[in-house]
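Subject: A structure for you to look at

Hi there,

Here is the structure I promised to pass on. Have a look at it first, and then read on for what turned up.

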Amino acid sequence: MPEAASPPPQPSPPPPPSARPGRSPWPRFVLLVVILAAAAGSLFLWSPAALLSGGLPAGVPGYWLAPVFTLVYAVGTLAFMPRPALNAAAGLLLGIQQGVLLAVLGTTLGAAMAFALGRLLGRDALRPYLRGRMLTSLDRRFTEQGFRSVLLLRLLPGLPFQAGNYGAAFSGVRFLPFLTATALGVVPTTAVYVTAAASAGEPGSAAFLVSAGGIAVLVVLSLVSLWRAAARRRSAAA
């Protein structure tokens with residue numbers, strides 16, 4: 001009796017794009033570096049803080065103020081403009097309530113843009129280099145406790161905002177916890193700087209004194225956090 005013919009072998013599924021041979025992640029990383037360098041270099045041609053402080057040009061409807069302000073603020077953070085300067089512009093132009101709201105929205109949008117760029121263009125190239133006890137521990141913490149880790153990152157002063165964005169993008173934290181924690185975590189520092197700028201014309205007012213005290217506290221906390229980080233590095237090296 002003739003043997004039954006065996007079924008033809010099924011073709012194996014194609015490998016994922018990141019695993020295809022010859023698909024190096026480094027061209028995308030180079031593109032990320034070029035984009036960030038161009039954004040930072042553009043500050044020689046324009047000043048987001050000065051543009052925000054000036055408001056809308058004459059003849060532009062007022063309802064464009066909120067979206068334009070939010071977008072310029074977000075691009076300013078992407079170009080590595082210090083957030084205190086952008087927050088001061090928000091306070092001078094918009095006052096306390098609207099200034100805090102739009103500054104938080106601009107911060108969150110800028111963080112989302114930076115996270116997307118870092119995750120899409122840089123993560124695959126740098127992920128294999130996240131080695132060592134400290135980097136592995138940080139990556140695991142961000143992956144398993146993304147919301148708490150990012151929230152603490154935003155509440156702690158002294159860490160550059162952009163470094164937190166790209167550090168989170170290169171880790172395993174998911175987008176939604178990152179964005180939610182950012183929106184909540186930047187509120188205290190944003191409110192302090194916006195209030196200080198909005199009330200700078202009345203240096204004896206309670207709002208200015210409270211915000212100035214808040215800035216002093218943030219400076220002290222930043223120095224303490226930097227000192228503790230240096231102490232931890234010395235202990236690890238020893």
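What share of the contacts in the protein with a separation of 6 or more comes from residues 24 or more positions apart? The answer is 77%. Please keep in mind that this is a predicted model.

First, the overall picture. The protein has 238 residues, and 34% of them count as buried.

The mean pLDDT of the protein is 83, with 77% of the residues at 70 or more. Residues 14–19 are a stretch to treat with care: the pLDDT there is below 50, and beyond near neighbours in sequence the stretch has four contacts in the model.

Now to a pair of helices. Helix α3 covers residues 65–78 and helix α4 covers residues 83–94; they pack at an angle of about 165°, and their axes are 10 Å apart. Angles over 145 degrees count as roughly antiparallel, which is why α3 is described as roughly antiparallel to α4. The crossing of α3 past α4 is right-handed. On the α3 side, the residues that meet α4 are Leu65, Phe69, Tyr73, Gly76 and Thr77. On the α4 side, they are Arg83, Leu86, Asn87, Ala90, Leu93 and Leu94. Sorted by class, this contact has seven nonpolar, three polar and one charged residues.

You will find Leu52 in helix α2, which spans residues 48–54. Is Leu52 buried or exposed? Its relative accessible area is 4%, and because anything under 20% counts as buried, Leu52 is buried. Leaving aside neighbours within four places in sequence, Leu52 is in contact with Phe69, Val72, Tyr73, Leu86, Ala89 and Leu93. Among these, Phe69 and Tyr73 also belong to the α3 side of the helix pair, and Leu86 and Leu93 to the α4 side.

For a contrast, turn to Leu176, in helix α9 (residues 175–185). Leu176 has a relative accessible area of 60%, so it is exposed. The C-alpha atoms of Leu176 and Phe147 are 8.6 Å from each other, and the two residues lie 29 residues apart along the chain.

Notes: Residues numbered from 1 in each chain as written. Predicted model: local features only at pLDDT ≥ 70, side-chain atom pairs only at ≥ 80, totals over all residues. Heavy atoms only, no water. Axes fitted to C-alpha atoms, helices over the stretch in contact; angles between N-to-C directions. Helix = DSSP H or I, 4+ residues; strand = E, 2+ residues; numbered from the N terminus. Parallel < 35°, antiparallel > 145°, perpendicular 65-115°, else oblique. Left-handed = near helix turned anticlockwise from the far one by under 90°. Contact = heavy atoms within 4.5 Å. Nonpolar A, V, L, I, M, F, W, Y, C, P; charged D, E, K, R; others polar. pLDDT = per-residue confidence, 0-100. Buried < 20%, exposed > 50% of the residue type's maximum accessible area, 1.4 Å probe, protein only.
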